[in-house]
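Subject: The structure for you to look through

Dear colleague,

Here is the structure I said I would pass on to you.

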Amino acid sequence: MTADLSKSSRVSPLAAPLSAADIDEAAKRISGVVTRSPLQFNERLSEATGANVYLKREDLQAVRSYKVRGAFNLMAQLSPEELAAGVVCSSAGNHAQGFAMACRSMRTHGRVYVPAKTPKQKRDRIRYHGREHIELIAGGSTYDLAAAAALEDVARTGATLVPPYDDVRTMAGQGTIAAELLDQLDDEPDLVIVPVGGGGCISGITTYLAERASGTSVLGAEPAGAASMIAALAAGEPVTLEHVDQFVDGAAVARAGALPYAALAAAGDMVAFTTVDEGAVCTAMLDLYQNDGIIAEPAGALSVAALLEADIEPGSTVVCLISGGNNDVSRYNEVVERSLVHLGLKHYFLVDFPQEPGALRRFLDEVLGPGDDITLFEYVKRNNRETGEALCGVELSAATDLEGLLARMADSDIHVELLEPGSPTYRYLT
């Protein structure tokens with residue numbers, strides 16, 4: 001199995017903190033509580049890549065992500081005294097919901113610290129899964145402040161912290177995904193593609209496949225704006241990113257976990273990592289929804305986006321992990337926008353119009369092509385100026401139409417500036 005790893009980092013061998021035996025034991029513990037998620041053949045992606053592509057549907061868990069596996073496995077190993085003292089986690093997303101479900105299943109009191117800006121929909125889902133067993137506490141304006149409040153709680157009360165990824169018990173629980181998919185396939189896969197945030201899930205999966213499969217490779221997919229594991233591997237230890245793009249929120253981690261890092265470093269060349277542009281993630285999300293009826297959150301679509309950018313060997317067997325489906329419907333406008341920009345179908349311009357009759361008509365008739373559609377136009381006329389700038393968004397019928405549009409703009413007597421994605425001005429639009 002080969003994959004294009006030109007943007008990836010490979011790891012070097014170290015001692016592993018986790019074993020396949022740990023994961024087998026975890027599978028026994030979570031049996032009966034955690035759903036055995038389907039492994040579904042996907043005809044569309046198979047035809048697109050020439051491979052036999054399967055989707056591991058962790059978005060179909062009761063909490064719509066794999067996080068319940070790690071939380072329950074950790075909590076199932078606590079002593080009666082530890083459970084009586086309570087458990088604590090910090091999260092605003094999938095980990096909190098998995099933690100809440102584990103608390104209700106074990107009838108254990110838990111406290112969840114969330115940022116104050118956590119949407120009501122997410123808070124409601126956490127309460128739903130935990131019911132009377134969960135206490136939800138706003139712990140600050142950011143996740144870091146919420147995490148700090150959770151640590152203060154543990155120090156003050158003696159409760160047990162349930163980390164989302166940096167604990168071998170969490171990693172083992174999440175690694176049970178690999179045990180399931182090997183049992184669900186007639187032959188072992190050539191490649192498993194896994195979304196990566198803090199590294200707990202991919203470290204568990206990689207550890208299991210390293211011992212239980214003979215020729216399976218693993219490709220970790222990180223969002224381009226939050227590639228903390230690649231940074232850790234390049235530095236030889238976990239490092240804190242200076243800036244994190246929060247869009248792929250389920251994988252937007254500023255610092256990879258120390259234990260997941262060690263496990264992945266121990267795996268050697270069987271695992272590699274690549275980055276995926278957030279716009280490509282949005283395109284994968286929309287394709288999964290429109291073509292396959294799968295509601296994937298941004299992190300859940302990372303594996304499919306990485307698949308479509310990789311050099312996949314025809315006839316090989318590839319498994320993509322759909323890690324979660326907790327997507328807020330209010331985000332879809334932004335998802336569509338980022339996808340169109342990534343595909344080269346949407347562009348923004350500053351147009352310096354002469355403040356005279358007919359200037360806008362001239363722009364429409366002489367500059368825009370027949371397939372060009374104005375999606376945004378913001379302009380305020382100021383009588384004390386000869387010209388006035390307008391912000392103009394244009395959607396093209398094909399990405400190749402941009403060259404002709406730019407040529408017509410250059411020939412026009414109206415000054416036009418293309419706003420480049422990533423520029424300071426462009427950031428006001430996203």
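Two rings of Phe, Tyr or Trp (for Trp, its six-membered ring) are taken as a pair if their centres lie within 6.5 Å, and the pair is called stacked when the planes are under 30 degrees apart, edge-to-face when they are over 60, and tilted for the rest. Please keep in mind that this is a predicted model, in which local features need pLDDT of at least 70 and side-chain atom pairs count only at pLDDT 80 or more, while totals for chains, interfaces and linings use all residues. Residues are numbered from 1 along each chain as its sequence is written, and side-chain values use heavy atoms, with hydrogens and water left out.

Aromatic rings

One aromatic cluster is formed by Phe-353, Phe-363, Phe-377 and Tyr-379. The ring rule gives six aromatic pairs. In one of them, the ring centres of Phe-41 and Tyr-54 are 5.5 Å apart and the planes stand at 70 degrees, so this pair is edge-to-face. Phe-41 belongs to strand E1 (residues 39-41) and Tyr-54 to strand E2 (residues 52-57), so that the pair links distant parts of the chain, 13 residues apart; helices (H or I, at least four residues) and strands (E, at least two) are DSSP runs, numbered from the N terminus. For exposure, buried means under 20% relative accessible area, exposed means over 50%, and partly exposed lies in between, with a 1.4 Å probe and protein chains only. Phe-41 has a relative accessible area of 45% and is therefore partly exposed, and Tyr-54, with 22%, is partly exposed too.

A charge is said to sit over a ring if NZ of Lys or CZ of Arg is within 6 Å of the ring centre and within 35 degrees of the ring normal. Arg-131 lies over the face of Tyr-128, at 4.4 Å from the ring centre, and the charged end of Arg-331 sits over the ring of Phe-247, 4.8 Å from its centre.

Strands and sheets

Strands of a sheet pair through backbone hydrogen bonds, either parallel or antiparallel, and here two strands are said to pair if DSSP finds at least two bridges between them. Strand E11 (residues 346-354) is mostly covered, as eight of its nine residues are buried. E11 runs antiparallel to strand E13 (residues 387-395), to which nine bridges join it, and the bridge partner of Pro-354 in E13 is Thr-387. E11 also pairs in the antiparallel sense with strand E14 (residues 415-419), over five bridges, where Tyr-348 stands opposite Leu-419.

Elsewhere, an open sheet of four strands has the order E5-E4-E3-E6, with parallel pairing. Strand E5 (134-138) and strand E6 (160-161) stand at the edges with a single partner strand each, so one side of each is left without a neighbour in the sheet. Two bridges join strand E3 (residues 87-90) to E6, and Val-88 stands opposite Leu-161 in E6.

Nonpolar cores

A nonpolar core is a set of buried Ala, Val, Leu, Ile, Met, Phe, Trp, Tyr and Cys residues joined through side-chain atoms within 4.5 Å. The largest one has 40 residues, and those that touch the most other members include Val-194, Ile-202 and Phe-273. Helix H8 (168-184) and strand E7 (191-195) are among the elements that each supply at least two residues of this core, and the largest share, seven residues, comes from H8. A second, separate core of 36 residues includes Val-248, Leu-288, Ile-294 and Val-304.

Salt bridges

A salt bridge is a side-chain nitrogen of Lys or Arg within 4 Å of a carboxyl oxygen of Asp or Glu, and the structure holds 21 of them. Asp-124 forms one with Arg-127, the closest N and O atoms being 3.8 Å apart, and both residues lie in helix H6 (residues 120-130), three residues apart, about one turn of the helix. Glu-356 and Arg-362 meet in another (3.5 Å, N to O), while Asp-413 also forms a salt bridge with Arg-362, with the closest N and O atoms 3.8 Å apart. That last pair links distant parts of the chain, as Asp-413 is in the loop between helix H16 (401-411) and E14, and Arg-362 is in helix H15 (residues 359-367), 51 residues apart. Asp-413 counts as exposed because its relative accessible area is 61%. Finally, Lys-56, Glu-58, Arg-69 and Glu-180 are linked in a network of salt bridges.

With best wishes
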